[in-house]
Amino acid sequence: MRRAGQVNALALAAACAAVRPGVTTAELDRIAARVIREHGGTPAFLHYPNPAPGGPAYPATINASIDAELVHGLPSKRRLREGEIISIDVGTVLGGFVGDSAVTVPVGNISAEARALLEVTERALWLGIEASRVGNRFGDVSATIQEYAESLGYGVVREYTGHGVGREMHEDPQIPNWGKRDRGAPLHAGMTFALEPMLVVGSPDLRVKRDGWTVTTVSGNLCAHFEHTIAVTDGEPIVLTAL
Ligand code: MG
Ligand code: MG
C-alpha cells in the first residue's frame with residue numbers, strides 16, 4: 001500500500017507541476033501515465049467500467065475536472081486558461097495494491113472565491129484524516145468533514161464518497177463526507193481507505209455530461225476535490241499518498 005501510494009503521489013505531483021495556462025489536459029494525462037509506468041505500476045482508472053449500464057469505460061489515466069466539473073473530467077486537447085481551477089485525480093495499481101489521491105490546483109492567478117474553496121476543501125480532508133483514529137467511528141470522520149465545510153457555507157456533495165482501498169480501488173465501506181458522530185463501524189488499526197471531500201460553492205446538485213463521465217455542478221458554480229489514501233494505526237494515521 002505504501003509503494004502504490006508513493007508512486008501515485010509522484011504521478012500526481014508531476015501532473016500538477018505541469019499545470020499552467022496553455023497546457024492541455026491530455027498532456028497532464030501523459031505525464032501521470034509515464035510516471036506510473038516508469039515505476040512499474042498500472043493506471044487504476046484506465047478501462048474502469050462506467051457506472052451507467054452500457055456506458056463507455058474510462059479512457060485515461062487521470063480525471064481532469066475544470067471549474068464547475070467535479071470529478072471524472074476526460075483529458076482532452078482542451079487548453080487550461082489563467083484563472084481556472086483543475087482537479088486532478090489519479091490511481092495506481094502496484095504490487096497488487098492501489099493508491100488513490102486527488103488535488104485541486106490553480107491555473108495561474110485565481111479569484112479569492114476559488115482560493116478560499118481550495119483551502120477549505122483541503123482543510124476538510126486533513127481534519128478527516130486527523131479524525132481517522134482508533135476509538136472513533138466512521139460517522140465521526142464523516143461528521144468532522146461535513147461540520148467544517150457547512151460551517152463555512154459550502155455545499156457537501158452527496159453522490160460520491162470516500163471508500164475502502166486495498167487490492168481494489170473501491171472497497172467497502174463507503175465513507176460519506178456527511179454523517180453523524182458515534183455512528184458507523186469503529187475504526188481499527190490496519191484499515192486503509194481514501195477520504196475525499198468534494199465541496200461546492202452553493203448547491204451541491206450534480207449532473208453527468210453527455211460524454212458519459214464528466215460530473216459537473218448543475219449551477220455551474222465552482223467545486224473542489226482533495227483526496228488521500230490513508231492507513232489507520234494505533235497512533236497517528238499514515239497518509240500513504242503523501243510524498
Ligand atoms: Mg481518486
Ligand atoms: Mg477515491
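**Metal site and helix packing**

Asp 100 bridges the magnesium ion (ligand 1) and the magnesium ion (ligand 2), which lie 3.2 Å apart. The model is predicted, with local features requiring pLDDT of at least 70 and side-chain atom pairs counted only at pLDDT 80 or more, whereas totals for chains, interfaces and linings use all residues. Residues are numbered from 1 along each chain as its sequence is written, chains are lettered from A and ligands numbered from 1 in the order in which they are written, and side-chain values use heavy atoms, with hydrogens and water left out.

The magnesium ion (ligand 1) is coordinated at 2.0 to 2.6 Å by Asp 89 (OD), Asp 89 (OD), Asp 100 (OD) and Glu 227 (OE); donors are N, O and S atoms within 2.8 Å of the metal (3.2 Å for Na, K and Ca), and sites may look incomplete because water is not among the atoms. The donor residues of this ion follow the sequence spacing D-x10-D-x126-E. Asp 89 lies in strand β4 (residues 85-94) and Glu 227 in the loop between β13 (223-225) and β14 (228-231), so the pair ties together parts that are 138 residues apart in sequence. Strands (E, at least two residues) and helices (H or I, at least four) are DSSP runs numbered from the N terminus. Both Asp 89 and Glu 227 are buried (under 20% relative accessible area, with a 1.4 Å probe and protein chains only).

The axes of helix α3 (residues 112-130) and helix α4 (residues 138-151) come within 8 Å and cross at roughly 155°, the axes being lines fitted to C-alpha atoms over the stretch in contact, with angles from 0 to 180 degrees between N-to-C directions. Helix α3 is therefore roughly antiparallel to α4 (angle over 145 degrees).

Conventions: Angles under 35 degrees count as roughly parallel, over 145 as roughly antiparallel, 65 to 115 as roughly perpendicular and the rest as oblique. Buried means under 20% relative accessible area, exposed over 50%, partly exposed in between (1.4 Å probe, protein chains only).
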